[in-house]
Amino acid sequence: MEAINEVHLSEPGLIVVDIAAADDETAFAFHTELATRWATTSVEPTTHEPGQPGVRLRCYLDMRQPLNPPGHPDAPW
């Protein structure tokens, strides 16, 4: 995976999430769950290192912008 750029973490509430999963379906399912709660980047292709099990997926999450704030009828909590 590429290095984390300083811009990705320039303010509190910005998060880089590296997902390691057994397969693409699991990695994308986890990303989908994150996206139901916070603003995230669009889905990127997964990567696979030859000789290593599973896949990796990186996304960027902004916790400052909840999609369903607490108290909203669709909030997951």
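**Exercise 1. Find which residues C59 touches, leaving out those up to four places away in sequence.**

Solution. C59 touches I15, V16, V17, I19, H31, L34 and T41. Contact here means heavy atoms within 4.5 Å.

A note on the model: it is predicted, local features need pLDDT of at least 70, side-chain atom pairs count only at pLDDT 80 or more, and totals for chains, interfaces and linings use all residues. Residues are numbered from 1 along each chain as its sequence is written, and side-chain values use heavy atoms, with hydrogens and water left out.

**Exercise 2. Work out which residues make up the largest nonpolar core, and which elements supply them.**

Solution. A nonpolar core is a set of buried Ala, Val, Leu, Ile, Met, Phe, Trp, Tyr and Cys residues joined through side-chain atoms within 4.5 Å. Buried means under 20% relative accessible area, exposed over 50%, and partly exposed in between (1.4 Å probe, protein chains only).

Step two: list the members. The nine residues are V17, I19, A21, A27, L34, V55, L57, C59 and L61.

Step three: assign them. At least two core residues come from each of strand 1 (14–21), helix 1 (24–35) and strand 3 (55–66). Strand 3 gives the largest share, four residues. Helices (H or I, at least four residues) and strands (E, at least two) are DSSP runs, numbered from the N terminus.

In soluble globular proteins, nonpolar side chains tend to be buried together.

**Exercise 3. Find how many salt bridges the whole structure holds, and describe each pair.**

Solution. Step one: count. The search finds three. A salt bridge is a side-chain nitrogen of Lys or Arg within 4 Å of a carboxyl oxygen of Asp or Glu.

Step two: take R58 and D18. Their closest N and O atoms are 2.6 Å apart. This pair links distant parts of the chain: R58 lies in strand 3 and D18 in strand 1, 40 residues apart. R58 is buried at 11% relative accessible area, whereas D18 is partly exposed at 40%.

Step three: take E33 and R37. Their side chains meet at 3.1 Å, N to O. E33 is partly exposed at 43%. R37 is partly exposed at 25%.

Step four: take D62 and R64. The N to O distance is 2.8 Å. R64 is partly exposed at 42%.

**Exercise 4. Describe the surroundings of D62.**

Solution. D62 is in strand 3. D62 is buried, because its relative accessible area is 10%.

Step two: list contacts. Not counting residues up to four places away in sequence, D62 touches G13, L14, W38 and A39.
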